[in-house]
Amino acid sequence: MPWTKIQADDSHTPVFFGGDERAREITYRNAIREALSQALMTDRNVFLIGEGIDDPGGVFGTTAGLKETFGDERVMDCAIAENGLTGVAIGAAIAGMRPVFVHMRVDFLPMCMDQIINHAAKWSYMTGGKVKVPLTIRAIIGRGWGSAAQHSQSLQALFAHIPGLKVIMPASPYDAKGLLLGSIAGDSPTICIEHRWLYDQKEEVPETPYMIHAGKGLVRRQGKDISIISTSYMVYESLRAASELEKEGISAEVVDLRSVLPMDEELIISSVMKTGRLIVADTGVSVCGVASEVAAIAAEQAFDSLKAPVRRICLPMTPTPASHVLERAYYPDHTAIVRAAREMTA
Amino acid sequence: MKHMTRATIPDDTLKELYAVMLTIRLFEDRTCARYAEQEMKCPVHLCIGQEAIAAGVCAHLKREDYIFSTHRSHGHCIAKGMDLKSIAAELYGRSTGCSRGKGGSMHLADPGHGIPGTTAIVGGCIPLAAGAALASKMKGDGRVSVAFFGDGAADEGVFLESLNFASLKKLPVVFVCENNFYATNSPQSARQPAVRIADRASGFGIPGVHADGNDVIRVFRTAAEAIARAREGEGPTLLEYTTYRWKAHVGPNSDIEAGFRPAEQHEEWMKRCPVEMYEQRLEQQGVLSAQERKAIFGRIEKQIDEAMDFARTSPFPKPGELFDDVY
């Protein structure tokens with residue numbers, strides 16, 4: 001098995017590989033590209049499929065040049081037939097391939113809901129575990145520049161509601177590479193939701209391939225007064241908020257969930273038990289969302305530790321507007337987190 | 001059509017086709033007989049009346065070739081060589097069932113016989129078969145994939161999306177539409193213009209062939225052509241076989257008395273029983289003697305007895321197994 005030589009990094013601590021001489025600072029987009037390239041190199045059964053995957057833009061640079069290296073059979077442009085081609089990818093996965101299906105926007109995933117929810121997510125269970133679906137689906141949240149209601153959605157909660165799927169939301173370049181490789185090497189259908197505002201983030205990333213398995217979060221910043229549990233781009237807003245709060249003498253702990261299904265309950269509980277206060281900052285809407293789930297875990301399993309009501313910093317229950325004035329009103333940023341934290345610690 | 005052959009079909013093959021059809025018929029009949037006991041606690045979608053298609057198509061498949069099927073899959077799985085015991089045990093919800101009691105009648109699977117699973121979402125299996133064919137093409141493993149589906153699935157977008165992709169990539173896949181004229185209870189005339197489903201193939205530049213699905217020899221010969229094409233790298237074919245489902249959409253009973261389908265239509269098709277017609281043909285041709293027929297019948301009944309006994313005496317899954325196999 002080609003994947004057995006690649007080490008898994010299941011450590012629970014923040015990882016910065018300054019000491020690793022093979023590590024270099026690269027962007028999130030290049031970390032993804034490197035993961036895909038190394039997956040294609042490692043295993044003949046890996047292939048990429050997606051509409052426009054081989055165009056000069058290369059899906060925001062994340063697939064740029066891969067067709068030239070690996071050929072158009074393994075980096076396959078395709079029709080805009082999302083449900084059918086998701087079925088094709090699942091069928092290929094069932095027959096031993098490890099496809100990665102790439103979508104320019106999360107908003108295109110509702111076109112594939114039947115194949116993702118009724119087929120990919122159920123196949124292992126329905127066959128008594130005899131047949132696996134090692135499929136990775138990448139989809140990008142396209143926030144900003146008037147992207148509006150159909151090009152900016154953050155639908156992780158829809159998928160996190162489905163037993164049999166895994167849903168990862170890498171926030172850092174290191175995690176993007178490791179989680180993607182872990183997903184491609186794994187045997188479960190996994191949705192990787194990326195935020196386009198993360199693509200220029202830089203971090204030291206080892207060149208050697210490594211894997212991170214879905215289901216473990218990270219403490220990005222230690223704190224003792226309040227836990228800010230966050231996903232994807234909101235990790236950065238949370239870190240910004242924590243810096244602000246520090247100036248006011250409020251010590252905030254920032255947790256990056258990294259994976260929303262499975263969710264790292266242990267880490268959520270331990271952080272809340274330590275700080276006694278919980279803010280959840282997610283890129284999606286609050287209603288029946290990832291933040292609601294985190295809040296429920298805290299209420300069910302760390303209730304006695306809570307010194308203040310839980311707060312959710314999420315999107316309001318409206319479709320995304322286009323005008324930048326409305327966009328500004330729509331997206332909460334670190335100031336909303338700071339305000340909530342002040343109220344909770346007052 | 002260069003693979004179309006009028007060559008004589010060997011007697012052994014003719015007899016094997018009969019045995020497969022009869023196995024399907026008798027297994028489904030036994031399921032009907034047992035269903036009222038309420039020990040098979042899952043919905044069953046029976047294929048009585050449609051046996052010739054499964055038998056005629058699967059006769060050309062190797063063990064490692066893939067089939068993808070639907071909620072009405074018993075016949076396909078039997079024709080592909082699946083063990084009756086593991087099917088029966090799955091209907092009875094036992095841990096010895098093919099899907100360890102997680103699938104039921106609608107989700108039979110046996111990867112060892114090229115049956116990676118069956119789906120109860122109409123049309124869902126069609127792109128899966130195309131995907132498995134893509135894998136075979138990429139690996140060069142020489143396998144052929146077959147998707148079995150009904151006329152209802154031809155209404156779904158994934159049907160056309162899959163024909164498009166399979167044609168574009170010249171995939172080794174055969175799309176087999178069993179047209180029994182009803183999507184659950186909705187007649188084809190309420191859903192589609194009066195155009196043959198097979199004719200849709202021409203829009204994608206692939207062969208589309210219609211044939212009588214109750215004539216196993218017609219099925220056998222047309223499927224031979226399509227599967228040979230797929231195996232030789234010439235791409236997909238759409239086969240449409242007209243047939244008729246004798247029982248209700250789901251369950252062991254008739255739906256005629258309740259007015260779901262016209263009684264005259266049902267009677268007409270009952271006169272064209274695929275098993276009986278074939279029996280007569282073999283008798284006329286002197287291929288199968290009454291004695292041989294009786295022996296085949298006895299052998300199959302015994303297999304079914306054993307399968308049902310095995311199922312009914314097998315253990316149930318343990319409640320703790322609920323959490324196994326999610327990933």
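Guide: Strand 12 of chain A, which covers residues 226-230, is mostly covered in this predicted model, for five of its five residues are buried. The burial holds on both faces of strand 12 of chain A, with A:Ile226, A:Ile228 and A:Ser230 on one side and A:Ser227 and A:Ile229 on the other. Strand 12 of chain A is joined by five bridges to strand 13 of chain A, residues 252-256, and these two strands run parallel. Within that pairing, A:Ile229 has A:Val255 in strand 13 of chain A as its bridge partner.

Chain A is divided into domain 1, residues 19-211, and domain 2, residues 218-345. The C-alpha centres of domain 1 of chain A and domain 2 of chain A are 26 Å apart, and the contact between them takes 27 residues from domain 1 of chain A and 22 residues from domain 2 of chain A. On the side of domain 1 of chain A that touches domain 2 of chain A, the elements that give two or more residues are helix 6 (156-160), strand 7 (166-168), helix 7 (173-185) and strand 8 (190-195) of chain A. Of these, helix 6 of chain A supplies the largest share of that side, four residues. Sorted by kind, the residues of the side of domain 1 of chain A that touches domain 2 of chain A are 17 nonpolar, eight polar and two charged.

Taken as a whole, chain A has a secondary structure of twelve helices and 16 strands. Of the 346 residues of chain A, 58% count as buried, and the C-alpha trace of chain A spans about 60 × 45 × 45 Å along its principal axes. A compact globule with 346 residues would have a radius of gyration near 20 Å, and the 20 Å of chain A agrees with this. Among contacts in chain A between residues at least 6 apart in sequence, 81% join residues at least 24 apart.

Seven strands of chain A form an open sheet in the order 4-3-5-6-8-7-14, with mixed pairing. Strand 4 (75-76) and strand 14 (259-261) of chain A stand at the edges of this sheet with a single partner strand each, so one side of each is left without a neighbour in the sheet. Strand 3 of chain A, residues 46-49, runs parallel to strand 4 of chain A and is joined to strand 4 by two bridges, and A:Ile49 has A:Met76 in strand 4 of chain A as its bridge partner.

Strand 9 of chain A, residues 202-205, has a covered face with A:Glu203 and A:Val205, and an uncovered one with A:Lys202 and A:Glu204. Strand 9 of chain A pairs with strand 2 of chain A, residues 24-27, in the antiparallel sense over four bridges, and in this pairing A:Glu25 stands opposite A:Glu204.

In soluble globular proteins, nonpolar side chains tend to be buried together. Here the largest nonpolar core has 201 residues, and those with the most contacts inside it are B:Met21, B:Ala129 and B:Ala147. Helix 5 of chain B, residues 125-139, gives the most to this core, with nine residues. Domain 1 and domain 2 of chain A both give residues to this core, so the core lies between them. Leaving aside neighbours within four places in sequence, B:Ala129 is in contact with A:Gly91 of chain A and, in chain B, with residues including B:Tyr66, B:Phe68 and B:Val173.

Where the two chains meet, the contact takes 33 residues from chain B and 33 residues from chain A. Helix 5 and helix 6 (157-168) of chain B are the elements that give two or more residues to the side of chain B that touches chain A, and helix 5 of chain B gives the most, with ten residues. That side of chain B divides into 17 nonpolar, eleven polar and five charged residues. Chain B also has a mostly covered element in helix 2, residues 51-58, where eight of eight residues are buried, among them B:Glu51, B:Ile53 and B:Cys58.

Key: Residues numbered from 1 in each chain as written. Chains lettered and ligands numbered in written order. Predicted model: local features only at pLDDT ≥ 70, side-chain atom pairs only at ≥ 80, totals over all residues. Core = buried A, V, L, I, M, F, W, Y, C linked by C-beta atoms within 7 Å. Buried ≥ 20, exposed ≤ 12 C-beta atoms within 10 Å, placed from the backbone. Domains from an automatic or database assignment. Contact = placed C-beta atoms within 7 Å. Nonpolar A, V, L, I, M, F, W, Y, C, P; charged D, E, K, R; others polar. Rg over C-alpha atoms; globule rule 2.2 N^0.38 Å. Pairing = 2+ DSSP bridges.
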